[in-house]
Amino acid sequence: MTETMDSRRGTGSSPYSYKTIAPVVKALTSKGGGRYDTIADAYEKGVFSDFRLMLPAIDALDDGNDDIAYFVEAAVIPSYGQDAVPHLIAAMSSEAKKGDMRRIRLIGKLGGKDVEPLLLHYAESESVRMRAAAIQGMAGRDSLVERLMAWSTDKKKEVRRAALIALTSCRSEAAIKRAVEGISGKEEYYEYMDENDNSLFHSALARSLGEVLREVRLYPEADAKQEERYVLILRYIFLLRQKPADELYAVYSDMLDHAEHYERLGWLSELCNYASENLEMMATKAALQLLFRMELICPFVAGSAFRTAASVYTQHDFYELYEERAEMEWTGLGSEDSQELRNYLNEGIRDVLGMQVQQHDAELWERSNREFEIGRLRDMPFGTLWDERWLDWTIDQDITLLAACLARPDHQRCRDYFKDKLQWQEQAGDHSEQLLPLLLAGAERAGMSEEARWEGIVAYLESPVSWQIHQFSDDTVEDCFKKLPAHYMSRVAAVQEKFVWNAAYQIEEVIETMRT
């Protein structure tokens, strides 16, 4: 049974029973632990669409738990839109409490032009913190740009910062110019200037980034101001990380054209790190081409490139693209660079596989604790999600992770690959424990017998690659070693003394389990 909505909200039926909203009201109005989860869960489920929760939520802006107050300000109250504004105004006090600062920011964020006199009133109050909060509430209000620009040079630091933050959301040329100028100041206001979706501001940032990158090349590497320019470049790139400004294509292309110059300065790795994050977010074929250029000089970009390619190409074209890259681009790399690139490529592959699990079976993903664990994904039909030619390609490239997921019983070369791997002749000891479940899962998918997989586990214990490990994970011990039949006990016991530290006790426990 539903109840009538609060009379201050008008009439109508509530979408939830009082029994449903009562624990949320209690969480908003009481003290103690555990309340944040109740509130966040209710928001996630849409319970706050019940307007009876709006007034308790407005009161919760005064909550002593900052996490709750912040969440209510950032997510809950904005969900009510302009309907919340009259109640926010009514709840304002004369004490300049934290809750009042949150309320005035929300009034500015949600209100129309009619709230501007109130914002201006608080912007001239005695409390510096209230002034700053009211000014932040003016974000994006071009009618107040002149006032914001004046406050951007105020003698109070908090006021200057608030004004610059507000200017980043305005659309006038003067506002954007002043906001960009603020980034180059000695005071680090830029950290607070990235929470806006103003494309004009982002375009201006991109143009400014390009200008400084070009300016750097006009001066000797030892020029006294090069470090200052570098700091400014990092600020621009930081603010552009999640912003799809079209101007960035030309900026990053020019940066890569002169990569050697930035490498000599020692900047290239960090520049590519930020740029790759930005380009991956843009997720276009143009961005991908820049990522491909970037990964050849900074191999850690390979994961970003792979994830981006998976998102913008069909199964068929995705494979064709990487087959061509392996033949045309990667063959020119030295063995060390080539191996490093493949190591980072593994990260991208793992992320793409994880995304496929999420999309195919959300419950399975949750049961795996939102981590990609191949041993628990026996029923995932990875083969239907990838072009069938990937299996041979991934064997050629020796990318075990993808081979383990795409392995199939009708592929003799695949079985030979895992049979060879399970002899443990070349695998690096430091990573061998991570490799073991991959190889066993791949062998199972390839149709190898259980006995052959047991042989692989014992061969691992007999190989020096495992003797370097001081402690095995509980999963390895329980899911691999302790699953061995008793007839392998003599072989395990024969190498028991090779293990040290905690691993020695674990192997002793395995042998005891086999005895029983």
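Here are some numbered notes on this predicted model, meant to be read with the structure open.

1. Start with confidence. This is a predicted model, and the protein averages a pLDDT of 89, with 95% of the residues scoring at least 70. Among the elements, helix 14 (residues 247-257) has the highest mean pLDDT, at 97. Strand 1 (residues 2-4) sits at the other end, with the lowest mean, 36.

2. Over residues 1-13 the pLDDT stays under 50. The model still has 25 contacts for that stretch beyond four places in sequence.

3. Now find helix 12 (residues 199-216) and helix 13 (residues 226-239). How do you describe two packed helices? You give the angle between their axes and the distance between the axes. For helix 12 and helix 13, the angle is about 155° and the axes are 10 Å apart. Angles over 145 degrees count as roughly antiparallel, and therefore helix 12 and helix 13 are roughly antiparallel to each other. Helix 12 passes helix 13 in a left-handed crossing.

4. Which residues make that contact? On the helix 12 side they are Leu205, Ser208, Leu209, Val212, Leu213, Glu215 and Val216. On the helix 13 side, look for Gln226, Arg229, Leu232, Ile233, Tyr236, Ile237 and Leu239. Sorted by class, the contact of helix 12 with helix 13 has ten nonpolar, two polar and two charged residues.

5. Helix 12 has another partner to check out: helix 11 (residues 173-183) packs with helix 12 at an angle of about 50°, their axes 10 Å apart. That angle makes helix 11 oblique to helix 12. The crossing of this pair is right-handed. Helix 11 brings Ile176, Ala179, Val180 and Ile183 to the contact, while helix 12 brings Leu200, Phe201, Ala204, Leu205 and Ser208.

6. Next, helix 8 (residues 128-136). Its buried residues are Met130, Arg131, Ala132, Ala133, Ala134 and Ile135. What do the buried residues of helix 8 pack against? They pack against helix 6 (98-110), helix 7 (116-123), helix 9 (145-151) and helix 10 (157-167).

7. Two loop residues have backbone angles worth a look. Ala283 has a phi near 50°, which is a positive value in a residue other than glycine. You'll find Ala283 in the loop between helix 16 (268-282) and helix 17 (285-295). Trp424 isn't a glycine either, yet its phi is positive, at about 55°. Trp424 is in the loop between helix 24 (412-421) and helix 25 (432-445).

8. Trp424 is buried, with a relative accessible area of 2%; the cut-off for buried is under 20%.

9. Finish with Arg491, which is in helix 29 (residues 489-494). At 27% relative accessibility, Arg491 counts as partly exposed. Arg491 and Leu461 are 30 residues apart in sequence, and in space they are 9.0 Å apart, C-alpha to C-alpha. What does Arg491 touch, leaving out residues up to four places away in sequence? The list is Glu455, Val458 and Glu462.

Definitions and conventions
Residues numbered from 1 in each chain as written. Predicted model: local features only at pLDDT ≥ 70, side-chain atom pairs only at ≥ 80, totals over all residues. Heavy atoms only, no water. pLDDT = per-residue confidence, 0-100. Helix = DSSP H or I, 4+ residues; strand = E, 2+ residues; numbered from the N terminus. Contact = heavy atoms within 4.5 Å. Axes fitted to C-alpha atoms, helices over the stretch in contact; angles between N-to-C directions. Parallel < 35°, antiparallel > 145°, perpendicular 65-115°, else oblique. Left-handed = near helix turned anticlockwise from the far one by under 90°. Nonpolar A, V, L, I, M, F, W, Y, C, P; charged D, E, K, R; others polar. Buried < 20%, exposed > 50% of the residue type's maximum accessible area, 1.4 Å probe, protein only.
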